[in-house]
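Please look through the sequence and the structure below before reading on. The report that follows is meant for a reader who is new to them.

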Amino acid sequence: MLKRFAGWLMSTPATLLVLLLLLVPVAATIAATFGDTRGPFAPYADFFGSPFRRAVLWRTIEIASITTVIALFVGFLTAFVVSRAPGRLKSILIIAAVFPLLTGVVVRSFAWLIILGKNGILNNFLIWLGVTDEPFAMLYTEGSVIVAMVYLFVPLMILTLVGVLEGIPDDLLQAASSLGATPAATFRQVVFPLAVPGLIVGAVLVFTGSFTSYATPQLLGGERQMVMGTLLYQRAMVAFDWQGASAVAAIMVVVTVSVVLGMTRIARRLNPMSS
Amino acid sequence: MTQPLTIDRLSAHYGKVQVLEDFSLKIAAGELVSLLGASGCGKTTTLRLIAGFLEPTGGTIRLGEQDLTRLPAHRRNIGLVFQNYALFPHLTVAENVGFGLKQRGVALPEREARVTEMLGRVELTDLGDRLPAALSGGQRQRVALARALVIEPPLLMFDEPLSNLDAKLRVGMRAEIRQMQRANGTTSVFVTHDQEEAFSISDRVAIMQAGRIMQFDTPETLYSRPANAFVARFVGFENLIEMRVVARKGDLVEAEAAGGALLTLSQADFGAIPDAFVLGARPEGLVVAGPDAPGIPATLGLRSYLGRAYQYLCDSPAGPLTAQGPLGAAQEAGSAARLQPVAAQCCILAPEA
Amino acid sequence: MKQPLHPALIAFSVVVFFFLVAPLVIILGAAVSDTTFLTFPPQGFSTRWFVKIFEMSAFRRTIVTSLEIAFLATGLALLFGLPAAYALNRYRVQLPSWLSTMYVLPILVPEIVLGFSLLKTVAVGADMPVFATLVAGHTLIVLPYAVRVISASLSSFDFSMEEAAISLGSPPLKTFFTVVLPNVRSAVIAAFILAFITSINDVSVSLFLTGPGVSTLPIQILAHVEQFFDPVIASVSVLLMVLTVGVMAVVELTLGLTFLAK
């Protein structure tokens, strides 16, 4: 009797936790945006009616997209080198990638404040080189946010892709070269297509991560480079405009969920092993 | 087109471990040669050296007039069939088969024609659009074969290609591979640990152990005239009895085993018998007879039923032996008997150094 | 055996790894600078900024709070997650497939949205105390690690072992602790470590839930940076990194770090 429900019994506490503390509150937040006293879509009309907020959404998408593309490129090439490195070196490289990943977002973003500041390392270096006399204003630009974001997410991309690349059997690479494929051709025609599902997973992780980030744009972009995360905080905790904040939250959920669902669908279609 | 393969004094290391030392092997043009041995004997290493996936520390590999030793793998032009087929999972059957032609810059119309023709030869004409995941093991094996053959390589190599197939399919594929290879006359190297497979498919077989060739001969010679104890055991001579000649009478030789058992052997059966030798006997080469008959005295132990005969584990002054007796006369454990050699199931070896 | 890599590719990776490691070295340098402003390379050498951390009550308090929350949230996540992971594997046929998706939702939903929603519905709406809401929020965001890491390990566990133990007379609950748990021990440790690190570094959820008198270390760092640009921040960061190194050393010693890459 008990046996038939044992699985349910053991999984229910965790299910309730997610249901009560995640699904209900988030659903309530989204639902609230449709219960506005001024009409069901008023908070969205506010959001899309404001050129400033539209610019924030657009900037966030832009930063997340550029970060994703750079992280894909850098991560894939590096992961390929890591996956082909001899055993001992490989573990060192993996540790070197894991370590920043385990260091907090605040700490890692903060490092770029020291590097990119007016009296920062990079400016001092450029002045020392004689490239410029005046320090460049590098902080609080879209570029500074992107650099720090790339820094934040490249390790994640490397680790994701090393796993995928190591899953490609050596046999396939040997088969390709026995059939006359040069190393470059093997990379293009065998390694890359087989890594595409992993690239998609990595892209989803990086895009959603950078699209919803708060600490990095707050530290390196400030008020001038407001993104969805910082806008949400500003609406909720500075302006106490909870309806406006809820609309931002709802838009963030819609964008992330559609990116995740869309990309997993594409990944499934592209995955040669699935059929 | 078809070329002889000459391996001369090849050495290879994995780290500090020497896996091959002074390994030499000559394979004639059009011949199919198997490298046979247990795992770790160096057969796969040899194949990988020839393919160019490992670099030798010494020696040369030549195919016809061409020195392959330092040539990168992708320029060696060797057709390779992998143990687990190594089909590209993201390419269709036709694209897999056409992969090598594409690398060679063969134009699309010709490529398609050759792929279609090759798929016809391996009877996969209708499956060209499938992905490898949608194929059975036997079909994958055929695709792998087609992919290696379509580039018309002067040398074909097979790395335990049949070990992932079930027994029935294995025998069928064996015949297909042999027929294709004969039809093309391509020099071939076949790596396997399965003796029956190696013997049935090959012109000659190299039996390997610890990075050395123990004997390189036709299957018939290996089976009936092994050159040493290792090969003898490998081909089923389970009983190896050290003997010493005590008397010679024309073709007949009287020899004594440890413990004093006397046997009479004929040089007409075995060729010249040296003064000290080892008698190799398969289980069916030692027949159980009554305790008063001539032969090696033995006490019978565990009996097992083989269908065509009984097999006995025996104790003898010459050591533990395995012998067989007729079905009509089952013997109980503990009974005394004599074991008589049957010349056709025995061999004569030089004593071990 | 492997194709040699193109030198340009190797050079590129060297630059990437320099890019990954250099900022952390810079923080380390800035933390020991004997100046009142942040600078690198450090001028002079001083450990006074480390002493300063503990002289500032705000940092002292938030370090303790962060540790409390991390331990509580990780413990709770394991308490909820372990049975769930077990059920997902042991009773695979009995349970619907969407259930496993349920446990990764906290990763799927943007953390900052979760933080805001918890503030709105739970902290304000249900009038839950600040500390309790923080623990609840952190438990949620680390739950996926507990469930997924342990589940991955259990998926290769042969449950006939459990049946063998029961047939030999071991009661089911005892069997879980004597047969199942020892076999997924390393996964539980890994889950603990990942969850702990995630909690201690969290910003997005804590951001909304910290209140008067209750804050976490990363939030305190953020608040401090807005006002001051002194080496204290660097030394707090180093403190956090040391904590990470300590945790990683434990992982390396017990499991080998490459485990985390999977």
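## Basis of the model

This is a predicted model, in which local features need pLDDT of at least 70 and side-chain atom pairs count only at pLDDT 80 or more, while totals for chains, interfaces and linings use all residues. Residues are numbered from 1 along each chain as its sequence is written, and chains are lettered from A and ligands numbered from 1 in the order in which they are written.

## A sheet in chain B

Strand β12 (residues 252-257) of chain B is joined to the antiparallel β13(B) by five bridges, and L252(B) has S266(B) in β13(B) as its bridge partner.

Helix α9 (residues 183-211) of chain A, a helix being a DSSP run of H or I of at least four residues, spans only 36 Å between its end C-alpha atoms, whereas a straight helix of 29 residues would span 42 Å at 1.5 Å a residue; the expected span is 1.5 Å times one less than the number of residues.

Shortly before the proline P197(A), α9(A) has a kink of about 45 degrees at V196(A), the bend being the angle between axes fitted to the seven residues ending there and the seven starting there.

## Where chains A and C touch

Chain A brings 67 residues and chain C 74 residues to their contact, which is counted where C-beta atoms, placed from the backbone, lie within 7 Å. On the side of chain A that touches chain C, α1(A) gives the most, with 16 residues.

Conventions:
Pairing = 2+ DSSP bridges. Helix = DSSP H or I, 4+ residues; strand = E, 2+ residues; numbered from the N terminus. Contact = placed C-beta atoms within 7 Å.
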